[in-house]
Amino acid sequence: MAQIASAPSILLISPPNQFSSSENSHTFIFNVTDTNNVANCSLIVNDALITTLTNITKNNSNTIHSSLPLGTNTWKIICTDLTGNINISSQMILKIISILKESKKMLGGGISNYIYEVNKGNNKDKFIQLKIKMSGGIK
């Protein structure tokens with residue numbers, strides 16, 4: 001009797017479900033097992049395709065790096081094996097609660113101007129801004 005091919009099995013490793021972060025750049029780690037070779041796996045964020053990996057290692061950790069927008073985001077992985085079987089992982093939630101932007105401008109004469117901007121909450125257009133002007137070093 002012929003063996004029926006099964007879809008890839010996907011285990012989401014990181015970030016954990018309901019994770020909150022002030023960093024918008026994340027590494028998504030997952031493991032895929034399958035009786036067949038895996039053709040590709042894709043990261044889906046907020047129901048949009050972000051990227052697709054084609055060099056999948058079965059039975060080992062695979063990683064995708066991506067940035068997410070401020071607010072509550074959903075993510076999942078979709079994998080397809082070489083026989084065309086498709087599986088979709090469970091959906092996870094990742095909350096980006098603030099984003100810190102830092103910039104430094106040299107003003108000359110040993111004076112530096114630092115600007116820190118923090119975006120908190122769900123409004124992408126409202127930032128709290130802190131400006132620091134320094135001359136010399138910190139003692």
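This is a predicted model: local features need pLDDT of at least 70, side-chain atom pairs count only at pLDDT 80 or more; totals for chains, interfaces and linings use all residues.
In soluble globular proteins, nonpolar side chains tend to be buried together.

The chain as a whole is built from strands. It contains twelve strands and zero helices. Read along the sequence, the pattern is β-β-β-β-β-β-β-β-β-β-β-β. Of the 139 residues, 32% are buried. Contacts between residues at least 6 apart in sequence were also examined. Of these, 55% join residues at least 24 apart.

Cys41 and Cys79 form a disulfide, with 2.0 Å between their sulfur atoms. Cys41 is in strand 4 and Cys79 is in strand 7, so the link ties together parts that are 38 residues apart in sequence. The link is right-handed, with 110 degrees about the S-S bond. A search of the whole structure finds one disulfide. Cys41 counts as buried because its relative accessibility is 0%, under the 20% cut-off. Cys79 is likewise buried, at 0% relative accessibility.

The structure also holds one salt bridge. The side chains of Asp47 and Lys76 form this pair, at 3.7 Å from N to O.

Asp81 presents another case of a charged side chain. Asp81 is located in strand 7 (residues 71-81). Asp81 is buried, yet has no salt bridge. The nearest side chain of opposite charge is that of Lys58, 8.5 Å away. A polar atom of the Asp81 side chain does lie 2.9 Å from the backbone nitrogen of Asn85. Beyond four places in sequence, Asp81 contacts Ser6, Ala7, Pro8, Asp34, Asn36, Asn37, Val38 and Ala39.

Ile50 lies in strand 5 (residues 48-53). Its relative accessible area is 41%, between the limits of 20% and 50%, so Ile50 is partly exposed. Ile50 contacts Leu43, Val45 and Ser66, leaving aside neighbours within four places in sequence. Ile50 and Ile64 are 14 residues apart in sequence, and their C-alpha atoms are 9.7 Å apart. Lys95 is in strand 9. Lys95 is also partly exposed, with a relative accessible area of 28%. Residues up to four places away aside, Lys95 touches Gln18, Phe19, Ser20, Ser21, Gly71 and Thr72. One of these, Ser21, is 74 residues from Lys95 along the chain. The C-alpha atoms of Lys95 and Ser21 are separated by 6.2 Å.

Backbone geometry was considered last. Most residues other than glycine have a negative phi, and most peptide bonds are trans. A cis peptide bond joins Ser14 and Pro15, with omega about -5 degrees. Pro15 lies in the loop between strand 1 and strand 2 (19-21). Positive phi values occur at Asp47 and at Asn59, neither of which is a glycine. For Asp47, the salt-bridge residue described above, phi is near 65 degrees. For Asn59, phi is about 60 degrees. Asn59 is found in the loop between strand 5 and strand 6 (61-67). Asn59 is exposed, with a relative accessible area of 51%.

Terms used
Residues are numbered from 1 along each chain as its sequence is written. Side-chain values use heavy atoms; hydrogens and water are left out. Helices (H or I, at least four residues) and strands (E, at least two) are DSSP runs, numbered from the N terminus. Buried means under 20% relative accessible area, exposed over 50%, partly exposed in between (1.4 Å probe, protein chains only). Lys and Arg count as positive and Asp and Glu as negative; His and the chain ends are not counted. A salt bridge is a side-chain nitrogen of Lys or Arg within 4 Å of a carboxyl oxygen of Asp or Glu. A polar contact is a pair of N or O atoms within 3.5 Å; within protein, one must be able to donate a hydrogen and the other to accept it, and residues adjacent in sequence count only if both atoms are side-chain atoms. Contact means heavy atoms within 4.5 Å. A disulfide is a pair of cysteine sulfur atoms within 2.5 Å.
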